[in-house]
Amino acid sequence: MYDLTGFQRDLLYTIAGQEEPHGLAIKDELENYYENEIHHGRLYPNLDTIVDKGLVEKGEVDRRTNFYTLTARGRRELDARRGWENRYVDELLSE
């Protein structure tokens, strides 16, 4: 997970928070979060990267639409990341 960009980590969190989202649903979520347009040229190559790294699986709804789900490895990586983050911010946020 350390070798992912922030955008790629946000993709993982977005995919984790939805049930088999398709690319446009992921794009919409990130546009709401970033309050900025996410171009296809940024979205899909980054989705392909996290698929290639084995963190996400890509399935096909139809010939034009894919869906994405976390792999077991992707879930483990998110869990490890959350644990690492909590080491630094748990006390701060609980005050």
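Modeller: Partly exposed means between two limits: under 20% relative accessible area is buried, over 50% is exposed. Keep that in mind for this predicted model.

Colleague: How does Val89 count, then, and why?

Modeller: Val89 has 30% relative accessibility, so Val89 counts as partly exposed. Val89 sits in helix 4, residues 72-94. Together with Trp84, Tyr88, Leu92 and Leu93, Val89 forms a nonpolar surface patch. The accessible area of the patch is about 550 Å².

Colleague: Now the strands. In which sense do strand 1 and strand 2 pair?

Modeller: Antiparallel. Strand 1 covers residues 56-60 and strand 2 residues 66-70, with 5 bridges in the pairing. A hairpin of 5 residues joins strand 1 to strand 2.

Colleague: On to charges. How many salt bridges are there?

Modeller: The count comes to 5. One of them joins the side chains of Lys53 and Asp3, at 2.8 Å from N to O. Lys53 is in the loop between helix 3 and strand 1, and Asp3 is in the segment before helix 1, so this pair ties together parts 50 residues apart in sequence. Lys53 is partly exposed at 26%, and Asp3 is partly exposed at 42%.

Colleague: Which salt bridge partner does Glu31 have, and are the two buried or exposed?

Modeller: Lys27, with 2.8 Å from N to O. Both Glu31 and Lys27 are buried. They are 4 residues apart in helix 2, which means about one helical turn separates them.

Colleague: What does Glu85 pair with?

Modeller: Arg81, with the closest N and O atoms 3.1 Å apart. Glu85 and Arg81 are 4 residues apart in helix 4, so about one helical turn lies between them. Glu85 is partly exposed, at 26%.

Conventions
Residues are numbered from 1 along each chain as its sequence is written. This is a predicted model: local features need pLDDT of at least 70, side-chain atom pairs count only at pLDDT 80 or more; totals for chains, interfaces and linings use all residues. Side-chain values use heavy atoms; hydrogens and water are left out. Patches are made of residues with over 30% relative accessible area and no salt bridge: like charges are joined within 9 Å, nonpolar side chains (Val, Leu, Ile, Met, Phe, Trp, Tyr) within 5 Å. Accessible areas come from the Shrake-Rupley method with a 1.4 Å probe; for residues, only the protein chains shown count as cover. A salt bridge is a side-chain nitrogen of Lys or Arg within 4 Å of a carboxyl oxygen of Asp or Glu. Buried means under 20% relative accessible area, exposed over 50%, partly exposed in between (1.4 Å probe, protein chains only). Two strands pair if DSSP finds at least two bridges between them.
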